[in-house]
Amino acid sequence: QVQLVESGGGLVQAGGSLRLSCAASTRTFANFAMGWFRQAPGKEREFVASIRWSGDMSYYADSVKGRFTISRDNAKNTVYLQMYNLKPEDTAVYYCAAGPSAVPGEEYDYWGQGTQVTVSS
């Protein structure tokens, strides 16, 4: 069983930045691809970004390309989502997930509880 705990969410003005962290409680963190997803009120959960176990390949939703960066530190069992130039439409609960593949559309096995990001205009 892998437990994932997100942190770093909060309230920020449009144009601001936040860095989300997701800490994993597993010795096999480096075996997992990691992803970030988000869900806004009244909307379905959507893919944001993902990164291979090795960190050498990452994927992004078109809506966040050029503004968000996913990274990981396997020594710390942590994945990050650096968010720049935030927009009100980025407001959502952000979830991290662990799974076998970083390719968008693939399923994830473990999910965190989420952290709220609110961007004011």
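Arginine 72 lies over the face of phenylalanine 29, at 4.5 Å from the ring centre. A charge is taken to sit over a ring if NZ of Lys or CZ of Arg is within 6 Å of the ring centre and within 35 degrees of the ring normal. A further contact of this kind involves arginine 45, whose charged end sits over the ring of tryptophan 111, 3.7 Å from its centre. The model is predicted, so local features need pLDDT of at least 70 and side-chain atom pairs count only at pLDDT 80 or more, while totals for chains, interfaces and linings use all residues. Residues are numbered from 1 along each chain as its sequence is written, and side-chain values use heavy atoms, with hydrogens and water left out.

Tryptophan 111 also takes part in ring pairing, as a member of a cluster with Phe37, Phe47 and Tyr108. Rings of Phe, Tyr and Trp (its six-membered ring) pair if their centres lie within 6.5 Å; planes under 30 degrees apart count as stacked, over 60 as edge-to-face and the rest as tilted. By this rule the count comes to 5 aromatic pairs. One of them, between phenylalanine 37 and tyrosine 108, is edge-to-face, with 5.3 Å from centre to centre and 80° between the planes. This pair links distant parts of the chain, 71 residues apart: phenylalanine 37 is in strand 4 and tyrosine 108 in the loop between strand 9 and strand 10. Helices (H or I, at least four residues) and strands (E, at least two) are DSSP runs, numbered from the N terminus.

The rings of phenylalanine 37 and tryptophan 111 have centres 4.9 Å apart and planes at 55°, so this pair is tilted. Because phenylalanine 37 lies in strand 4 and tryptophan 111 in strand 10, the pair ties together parts that are 74 residues apart in sequence. Phenylalanine 37 is buried, with a relative accessible area of 11%, and tyrosine 108 is also buried, at 8%. Tryptophan 111, at 28%, counts as partly exposed. Buried means under 20% relative accessible area, exposed over 50%, and partly exposed in between (1.4 Å probe, protein chains only). In the loop between strand 9 and strand 10 (110–111) lies glycine 105, which counts as exposed at 73% relative accessibility. The C-alpha atoms of glycine 105 and tyrosine 94, 11 residues apart along the chain, are separated by 17 Å.

A search of the whole structure finds 5 salt bridges, each defined as a side-chain nitrogen of Lys or Arg within 4 Å of a carboxyl oxygen of Asp or Glu. Arg38, Glu46, Arg67 and Asp90 are linked in a network of these contacts. Aspartate 90 lies in the loop between strand 8 and strand 9 (92–99) and arginine 38 in strand 4 (residues 33–39), so the pair ties together parts that are 52 residues apart in sequence. Aspartate 90 also forms a salt bridge with arginine 67, the closest N and O atoms being 2.8 Å apart. Here the parts tied together are 23 residues apart in sequence, because arginine 67 lies in the loop between strand 6 (58–60) and strand 7 and aspartate 90 in the loop between strand 8 and strand 9. Aspartate 90 is buried at 1% relative accessibility, as are arginine 38 at 5% and arginine 67 at 8%. A further salt bridge joins arginine 52 and aspartate 56 (3.5 Å, N to O). Arginine 52 is partly exposed at 32%, and aspartate 56 is exposed at 53%.

The structure holds 1 disulfide, a disulfide being a pair of cysteine sulfur atoms within 2.5 Å. It is formed by cysteine 22 and cysteine 96, with sulfur atoms 1.9 Å apart. The link is right-handed, with 45° about the S-S bond. Cysteine 22 lies in strand 3 and cysteine 96 in strand 9, so parts 74 residues apart in sequence are tied together. Cysteine 22 is buried at 0% relative accessible area, and cysteine 96 is likewise buried at 0%.

Two strands pair if DSSP finds at least two bridges between them. Strand 3 (residues 18–24) and strand 8 (residues 78–83) run antiparallel and are joined by 6 bridges. Arginine 19 has glutamine 82 as its bridge partner in strand 8.
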